Structure formats: C-alpha cells, structure tokens
Amino acid sequence: MLRDKKWLAVVRRKLPCVVCLQSPCDAAHIRIGFIGIGIKPDDDKVLPLCRKHHSEQHSTGEKTFWKKLRIDPLDLSERIYNQPSSKAALIIKQEWFKNK
C-alpha cells in the first residue's frame, strides 16, 4: 500500500476540483479497478474534488460519475501524481477545458 501524506496535502490544499476548478478539495480515492473491500486504494490514485462533487461521486457511483464527465480518473491521477502543484493544476485545467 502506497501512503503519501505529502501528496494528499498537495491535492487538498493546492489543486482545483477536476469538475469545477474550485478549491479547497478532498482527495478522492479512485476505486475503479481496485480489489479490496474496506481498504483505501493507494494514495497515488486520488483526484481533487470539492466537497460537492466528492459527495456526488459517492452518491452517483464512481463509474457513472467519471463516465458522465468523460474523464479517465486513473489516467489523470497518474499524470498529476508527484508533479509540482503548479504543473498538476495546469494538467487539471487542460483536462477541464478539453471536456467542456
């Protein structure tokens, strides 16, 4: 299990929501393709979601939520992981504009 408290702090404090570009955010763990009930996925499999969209992700169901947004969450989380916050934010904004 990869645990990365520093990365989670960057996601929560410095990155915009991938849906609406608002801050602050929760570090939303991506469970798609993850096997393990009751265990959080690795911390490199997170995306920033504001509280509203994090709640929506849970209530809608992950696959439906990401499909509706036309976002591949595993790909995006891989592209931003361990990037400087300014570069990760730029990647998120580019993804946001691409899907508008």
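Helices and strands are runs assigned by DSSP, numbered from the N terminus. In this predicted model, Val18 sits in the loop that joins α1 (5–14) to β1 (26–29). Val18 has a relative accessibility of 4%, and because buried means under 20%, it counts as buried. Its contacts beyond four places in sequence are Leu47, Pro48, Leu49, Trp66, Ile71, Leu76, Ile92 and Trp96. Val18 and Pro48 are 30 residues apart along the chain, yet their C-alpha atoms are separated by 6.2 Å.

Val18 also belongs to the largest nonpolar core, which holds 26 residues. Trp7, Leu15, Val18, Leu49, Trp66 and Ile80 touch the most other members. At least two residues of this core come from each of α1, β1, β2, α3, α4 and α5. Helix α5 gives the largest share, four residues. In soluble globular proteins, nonpolar side chains tend to be buried together.

An α-helix has 3.6 residues a turn, so residues three or four places apart point the same way.

Beyond four places in sequence, Ser77 touches Ile30, Asp44, Lys45, Val46 and Leu47.

The ends of α4 have features of their own. Asp72 caps the N-terminal end. One of its side-chain oxygens lies 3.2 Å from the backbone nitrogen of Leu74. Just after the helix, Asn82 takes a positive phi of about 65°.

Charged side chains were examined next. The count of salt bridges comes to seven. One of them joins Lys45 and Asp44, at 3.3 Å from N to O. Lys45 is partly exposed, with a relative accessible area of 31%. Asp44 is buried, with a relative accessible area of 17%. Both residues are among the contacts of Ser77.

Another salt bridge pairs Arg79 with Glu95, at 2.8 Å from N to O. This pair links distant parts of the chain, with Arg79 in helix α4 and Glu95 in helix α5, 16 residues apart. Arg79 is partly exposed at 33% relative accessibility. Glu95 is buried, with a relative accessible area of 7%.

Glu95 also forms a salt bridge with Lys98, at 3.5 Å from N to O. The two lie three residues apart in helix α5, so about one helical turn separates them. Lys98 is exposed, with a relative accessible area of 57%. Through shared partners, salt bridges join Asp75, Arg79, Glu95 and Lys98 into one network.

Notes. Residues numbered from 1 in each chain as written. Predicted model: local features only at pLDDT ≥ 70, side-chain atom pairs only at ≥ 80, totals over all residues. Heavy atoms only, no water. Buried < 20%, exposed > 50% of the residue type's maximum accessible area, 1.4 Å probe, protein only. Contact = heavy atoms within 4.5 Å. Polar contact = N/O pair within 3.5 Å; in protein donor to acceptor, adjacent residues only side chain to side chain. Core = buried A, V, L, I, M, F, W, Y, C linked by side-chain atoms within 4.5 Å. Salt bridge = Lys/Arg side-chain N within 4 Å of Asp/Glu carboxyl O.
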